[in-house]
Amino acid sequence: MERYYDFIVERRNMQKKLVFLFVFLMESSFIFVFLFDTANAAGSPIFVNDDNTIGPWDGSSGHPFQFIQDGIDAVTENGTVYVFAGIYHENIVISKTINVNRTGKGKVIIDGRGFEDVVNISANHVTMRGCTINNGTYGIRIYNSSGSLITENIIRDVEYGMFLGRVSNNVIYNNNFLNNTQNAYDLGSNSWDGGYLHGGNYWDDYTGVDSNHDGFGDTPYSIAGNASRDQRPLMKPFTVPPVADFSYSPLIPTDLQTVIFLDTSTDFDGSIVSRVWEFGDGNTSTLQNVTHQYRDNGTYVVTLSVVDDDHAVNQVARMISVLNVGPTASFSFFSPFLPKINDTILFTDTSKDADGTVVSWRWDFGDEASSSVRNPVHNYSVGGTYRVSLSVVDNDGVSDTATEYLTIYISTSPGEDLQKSPLFDYLIFIFLGIAIVVIILVIRKYA
């Protein structure tokens, strides 16, 4: 009895342990799924499009938010809000590390409705790219922020284009400051240009000159506030250059084929208005899509240059290999119908080269004799069947070979020649066949 009681107690303890283990595994699974979903969410971009006025709105590319602030609120730390072209009448606040980027073609206009900060940034490492910011007290106001990047924006028609508090290490370049009461005010220590490769910003009140024609002003532009300066002010408004690109087919053409070139260039903030093709052989075209045939094989550099509606230029160059089409060797020989020993036989070259010329010939008459003459003559001193071959080379060094068989007869009697010739057997066979057909037709007609 006591042993049975111990068994029951031990069994209940085991059940409790199994229940505890099950609960622990379930909780661990929930935690893992939560962390996994959170990690995935952090990497998910958010989309905004003011055309989506009736919803639904979840920030996906299929159901973008209507307002930028909704996208900013929904995106996770270090995420990106992609904003499609449109006019957004709102004042936005960015208080976490995110990217706000224009996407697609056209302009993203953030209109502050005439008051306060159009864009207010209070987080580190924020990126603001590709937007037109206007109609407010401050276009962009930054405080308690470092390491942020402001680039490719148009800031206009506000009291202060940008106002930076006592912040540092923010980078502002390739922006256009237009028609503002005060273009910029900086109380901290920040960088107002992106180095010699990118330059600084365009300021509509800059009065400097560009004597070396590198696109940058020779003297810095002074930022009000704490003696900050744009070391490389742009001499003309910044525009996002178009992206030049093209495709062609066939990928490895010959000089007998017509190559189709397709312009696949894009311009994210406008449209491409002109283009110039250079095919590398001295020929050009200004058509959008064009065909071209190369007269000779070789390697050519094809260049496409495009200009957008802001007069920005870009170009792309690619190498295209054009292959040679080789010659086709062929020949004929004229002689007596049944050539005999020591008969003079004329060999005639009928070779062709569709994209050039044949420049050399090599005849092998099958009796250890040869010739490099285009149309040679030759006679045989011994009867028999000879393998005659002609090898030709074209002007690009490509060769081809043709082969024919020639029978030389020994006897001098035409009848004996014919009887001894392999052709005689074929002639007899043909005549017999014709006779049989005639007999069958006659029988059918008169039967």
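Is F429 buried or exposed? F429 is exposed, since its relative accessible area is 64%, and a residue needs over 50% to count as exposed. This value, like the others below, comes from a predicted model.

F429 belongs to helix 4, which spans residues 422-446. Together with I430, F431, I434, V438, V442 and Y446, F429 makes up a nonpolar patch on the surface. The accessible area of these residues together is about 790 Å².

Six strands pair in parallel to form an open sheet, in the order 4-7-10-13-16-20. Its edges are strand 4 (92-94) and strand 20 (224-225); each has a single partner strand, so one side of each lacks a neighbour in the sheet.

Within this order, strand 10 (residues 138-142) and strand 13 (residues 160-164) run parallel and are joined by four bridges. R141 is placed opposite F163 of strand 13. R141 also lies over the face of Y138, with 5.3 Å to the ring centre.

Strand 3 runs parallel to strand 6 (residues 108-111), with four bridges between them. In this pairing, G86 faces V108 of strand 6.

**Strand 23 and its two partners**

Strand 23 (residues 259-263) has V259, F261 and D263 on a covered face. I260 and L262 are on its uncovered face.

Strand 22 (residues 246-249) pairs with strand 23 in the antiparallel sense through four bridges; here Y248 has F261 as its bridge partner. Strand 26 (residues 290-292) is also antiparallel to strand 23, with three bridges. In that pairing, T291 of strand 26 is the bridge partner of I260.

**Aromatic pairs**

The structure contains 27 aromatic pairs. One of them is the stacked pair of F177 and W203, with ring centres 4.2 Å apart and planes at 10°. The two residues are 26 apart in the chain: F177 is in strand 15 (residues 176-178) and W203 in strand 18 (residues 202-203). Both F177 and W203 are buried.

F333 and F347 make a tilted pair, at 6.0 Å between centres and 55° between planes. This pair joins strand 29 (residues 331-334), which holds F333, to strand 30 (residues 345-349), which holds F347, across 14 residues. F333 is partly exposed because its relative accessibility is 27%, whereas F347, at 0%, is buried. F177 and W203 also belong to a cluster linked by ring pairs, along with W192, Y206 and Y221.

**Salt bridges**

The count of salt bridges is eight. One of them joins E152 to R129, with the closest N and O atoms 3.4 Å apart. E152 is in the loop between strand 11 (149-151) and strand 12 (154-156), and R129 is in strand 8 (residues 127-129), so the link spans 23 residues of the chain. Both partners are partly exposed: E152 has a relative accessible area of 23% and R129 one of 28%.

A further salt bridge is formed by D343 and K340, whose closest N and O atoms are 3.7 Å apart. D343 is buried at 15% relative accessible area, while K340 is partly exposed at 23%. R374 and D349 also meet in a salt bridge, at 3.0 Å from N to O. R374 is in the loop between strand 32 (370-371) and strand 33 (377-378), and D349 is in strand 30, 25 residues away in the chain. R374 is partly exposed, with 42% relative accessible area, and D349 is buried, with 6% relative accessibility.

**S285 in strand 25**

Strand 25 (residues 284-285) contains S285. S285 counts as buried because its relative accessibility is 12%, and the limit for buried is under 20%. S285 and R275 are separated by 10 residues in sequence, and their C-alpha atoms are 8.3 Å apart.

Note on methods: Residues numbered from 1 in each chain as written. Predicted model: local features only at pLDDT ≥ 70, side-chain atom pairs only at ≥ 80, totals over all residues. Heavy atoms only, no water. Pairing = 2+ DSSP bridges. Buried < 20%, exposed > 50% of the residue type's maximum accessible area, 1.4 Å probe, protein only. Phe/Tyr/Trp six-rings, centres within 6.5 Å; stacked < 30°, edge-to-face > 60°. Lys NZ or Arg CZ within 6 Å of the ring centre and 35° of its normal. Patch = residues over 30% accessible without salt bridge, like charges linked within 9 Å, V, L, I, M, F, W, Y side chains within 5 Å. Areas by Shrake-Rupley, 256 points an atom, 1.4 Å probe, with all protein chains shown as cover. Salt bridge = Lys/Arg side-chain N within 4 Å of Asp/Glu carboxyl O.
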